[in-house]
Every structure is written in C-alpha cells, then in structure tokens.
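Please describe this protein in a short report.

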Amino acid sequence: VQRAKMNLGAGKTVTAHLNSSDLTAIKESAVIGLAMNSSKLAASNTETQINLAGGSTVSADRTDAGTGAVGLFINYGQANINSGAKVEVERTAINAANSNAVGVYAVNGSDVVNDGSISVGGDSSIGVLGLSYRIDSKTGLAINPADETYYSNVITNNGTKFGTVNVENGATGKITMDNDGAVGIFVKNNSIDKNSFGNYVVTNP
C-alpha cells in the first residue's frame, strides 16, 4: 500500500516481532511495525499518513540478534502519534534489546508529531530519526529527490518542499531511552548537495 492514510484505532495493537528467518520469508531486511511510502501520484505529503489514535499501540522487536527494529517508517508523509498512543521498540522480554533501533523513522519531506509515548531499547538507538532524504539500502547514500517516483507530480502541483523534515514532540509527548549512546531526537540534513544549509525543524514545547 502506498500514498494512503493508515489509521490505527483506539484499543488496537500492531505487533511486529520477527527474527531473521521471518524476514527472509517475507523478503524484508528490517523489522518495521508500520510503514507508509508515497507514490508517483502524490501532490503533497498530506496524502500519505500514519495516525495512531489514543489507546493504540505499535510494538516492534527483532527477536534474534541483529539491527534493532523500527516502530514507524514514513517517506514523504506525516506520522501523528496522538496522546495516549504508544510506540514500543525492542521492549519485549523475548530477547535482549538489539542496538540501533528507531522509534519513528521519517525521511524526505515528512512531518512527525508526537503527543503520545515513544519508548525504544538498545544501545545507540534513536527515538525519532529525521533525515532530509531517503537512504539507498544498497549504497548507504542519500537518494536524489529527482529520482523519487513522485517528484514530477509534486513539482507540477507545487506540493510540500523536498528535503525538509519537521519533528514536534508535543506538550504530552514523551520519549524514553535508557541504553548507552541512545538519543531521543536526531535530525540530520543528509543532502547530496554540498551547498545545502539544512532544512529541518525540531519543536519541543
């Protein structure tokens, strides 16, 4: 599913507790609770959303050794965690928490608003990670936005600016980290343009 508004209702739980064999079976490289990408028909980032209602929970955990899980992933869209909603990553008792986990991973013109709870275990993990541009999993380099499928349509419709990422931890938002090297919010301008001065906003009322 792409370019959709995914709404997790009150009292509902999404669980992604997977090991390496599970990932191989579903042809995925990472454990992710909920993920949403835009599509070539997108005119702005408002068309692609993950919305967690109060009382909902997303739980993601890699149940064997490896890179830690990701709770929410959003690419050119919006992630809204309402008051009373929870994102829990590497927090089960199935195995020891893996390192480098991420609560909310937002890239390429995405907005994140956390009014709920984000809790992430594991060394060097991040509560909310915002990158100006998406990373190519094969090269590890930032992808030129002009190569994204939705680039032309967004430009035609004067949509949300590329290369921006906005993160807001609201008045009721809570981010909990408790291992070595862990960071609550990390936002980086990873532009491939050496002249870029960075386009991002972090708000914590």
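## Residue classes and the largest pocket

In what follows, Ala, Val, Leu, Ile, Met, Phe, Trp, Tyr, Cys and Pro count as nonpolar, while Asp, Glu, Lys and Arg count as charged. The others, Gly among them, count as polar. The model is predicted.

With these classes, the lining of the largest pocket divides into 14 nonpolar, 11 polar and 7 charged residues. The lining is made up of 32 residues. Those nearest the centre of the pocket are Ser29, Ile32, Phe73, Ile135 and Ser137. Strand S3 (32–37), S6 and S9 are the elements that give two or more residues to this lining. The space in the largest pocket comes to about 930 Å³.

## Overall build

The protein chain has 2 helices and 16 strands. Along the principal axes, the C-alpha atoms fill a box of roughly 50 × 35 × 30 Å.

Of the 205 residues in the chain, 44% count as buried. Contacts between residues at least 6 apart in sequence can also be sorted by separation: 79% of them join residues at least 24 apart.

## The aromatic pair

How many aromatic pairs does the structure hold? It holds 1 aromatic pair. The ring centres of Phe73 and Tyr105 are 5.3 Å apart and the ring planes stand at 90°, so the pair is edge-to-face. An angle over 60 degrees is what places a pair in that class. The two residues come from distant parts of the chain, 32 residues apart: Phe73 is in strand S6 (residues 70–75) and Tyr105 is in strand S9 (residues 102–107).

Are the two partners buried or exposed? Buried means under 20% relative accessible area. Phe73 has a relative accessibility of 14%, so Phe73 counts as buried. Tyr105 has a relative accessible area of 18%, so Tyr105 is buried too.

Thr57 lies in strand S5 (residues 57–62). Its relative accessible area is 15%, so Thr57 is buried.

Which residues does Thr57 touch, not counting residues up to four places away in sequence? They are Leu8, Lys12, Thr13, Val14, Lys86 and Glu88.

Terms used
Residues are numbered from 1 along each chain as its sequence is written. This is a predicted model: local features need pLDDT of at least 70, side-chain atom pairs count only at pLDDT 80 or more; totals for chains, interfaces and linings use all residues. Side-chain values use heavy atoms; hydrogens and water are left out. Rings of Phe, Tyr and Trp (its six-membered ring) pair if their centres lie within 6.5 Å; planes under 30 degrees apart count as stacked, over 60 as edge-to-face and the rest as tilted. Helices (H or I, at least four residues) and strands (E, at least two) are DSSP runs, numbered from the N terminus. Buried means under 20% relative accessible area, exposed over 50%, partly exposed in between (1.4 Å probe, protein chains only). On a 1 Å grid over the protein atoms alone, a cavity is a set of points where a 1.4 Å probe fits but cannot get out, and a pocket is an open set with protein on both sides within 12 Å along at least five of seven lines; lining residues have an atom within 4 Å of a point. Grid points are joined across faces, edges and corners, and a volume is the space filled by probe spheres set on the points. Contact means heavy atoms within 4.5 Å.
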